[in-house]
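Please prepare a short briefing on the strands, disulfides and salt bridges of the structure shown below.

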Amino acid sequence: MKGEFYPPNLSVFIMKLFNQLTFALAVALILGAAQCEDPCEEDPSNCRPDDEIVGQKGDPQFNLQFTGDVDLDLYVEDPAGNIIYYGNSYVQSGGQLDVDCLCGICPNGPNENIFWPTDGSAPRGTYRFWVEYFESCEISNVPSSYTVRVLENGRVVDTRTGNLSSGSTTVWTYTH
């Protein structure tokens, strides 16, 4: 046809090549994310001992560590029903979110931390806590492994682990 720069077969070839390259890039990103889940393997200077907890020490303290290029969010509900999370980082009972990891903005690595002061002022009673999969940063529904630790003045008293690719975890309880 007049005005066409490429023969129709070449246009189809270019379109198919583009689709294959897009697919190959997506696979490479997925495999790359799976291979780089442990930052220690790629660069030992990124390693932290497994027991190193990022964030302010507390009594109680709830700490989330996770893998992958995702945004997981930690939620903690105090005995009075006040919920601490990225949208409500401080409650009257003294609990606060001091480490919040957003896609690509994780200066402390993929961690979140919620704590109450170590002065014994945290309310006594049952706390509820859970993790929500907010979003994947690059490719949708990338699975993430997580570990949530509950601590009392630096001593781990409960640990929850699992994988999440959407939704939220079970709601767990801790009695303080």
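**Briefing on a predicted model**

Four strands make up an open sheet in the order 3-2-6-9, and their pairing is antiparallel. The edges of this sheet are strand 3 (83–84) and strand 9 (172–175), each of which pairs on one side only. The model is predicted. A second open sheet has five strands in the order 4-5-1-7-8, again with antiparallel pairing. A search of the whole structure finds two disulfides, and a search for salt bridges finds three.

- Strand 2 pairs with strand 3 through two bridges, in the antiparallel sense.
- Across this pairing, glutamate 77 stands opposite isoleucine 83 of strand 3.
- Glutamate 77 is buried, its relative accessible area being 17%.
- Glutamate 77 also takes part in a salt bridge, with arginine 128 as its partner.

- Strand 1 (residues 61–66) and strand 5 run antiparallel and are joined by five bridges.
- Within strand 5, glutamate 112 is the bridge partner of leucine 64.
- Strand 7 (residues 144–152) and strand 8 (residues 155–164) also run antiparallel, with nine bridges joining them.
- Arginine 149 stands opposite threonine 159, which belongs to strand 8.
- Strand 7 and strand 8 form a hairpin that leaves two residues between them.
- In the turn of that hairpin, asparagine 153 has a positive phi of about 50°.
- In a regular strand, side chains alternate between the two faces of the sheet.

**Salt bridges**

- Side chains of opposite charge can pair when their charged atoms come close.
- Arginine 128 and glutamate 77 form a salt bridge in which the closest N and O atoms are 3.3 Å apart.
- Arginine 128 belongs to strand 6 (residues 126–136) and glutamate 77 to strand 2 (residues 70–77), so this pair ties together parts that are 51 residues apart in sequence.
- Arginine 128 is partly exposed at a relative accessible area of 35%, whereas glutamate 77 is buried at 17%.
- Glutamate 152 and arginine 155 meet through their side chains in a salt bridge, at 3.0 Å from N to O.
- Glutamate 152 has a relative accessible area of 22% and is partly exposed, while arginine 155 has 52% and is exposed.
- The side chains of arginine 160 and aspartate 158 form a salt bridge with an N to O distance of 3.3 Å.
- Arginine 160 counts as partly exposed at 28% relative accessibility, whereas aspartate 158 is buried, with a relative accessible area of 17%.

**Disulfides**

- Cysteine 101 is joined to cysteine 106 by a disulfide, with an S to S distance of 1.7 Å.
- The link of cysteine 101 and cysteine 106 is right-handed, with 65° about the S-S bond.
- Cysteine 101 is buried, with a relative accessible area of 1%, whereas cysteine 106 counts as partly exposed at 26% relative accessibility.
- Another disulfide joins cysteine 103 to cysteine 137, with an S to S distance of 1.9 Å.
- The torsion about the S-S bond of cysteine 103 and cysteine 137 is about -85°, so this disulfide is left-handed.
- This pair links distant parts of the chain, 34 residues apart: cysteine 103 lies in the loop between strand 4 (96–99) and strand 5 (111–115), and cysteine 137 lies in the loop between strand 6 and strand 7.
- Cysteine 103 is partly exposed, its relative accessible area being 24%.

Conventions:
Residues numbered from 1 in each chain as written. Predicted model: local features only at pLDDT ≥ 70, side-chain atom pairs only at ≥ 80, totals over all residues. Heavy atoms only, no water. Salt bridge = Lys/Arg side-chain N within 4 Å of Asp/Glu carboxyl O. Buried < 20%, exposed > 50% of the residue type's maximum accessible area, 1.4 Å probe, protein only. Pairing = 2+ DSSP bridges. Disulfide = S-S within 2.5 Å.
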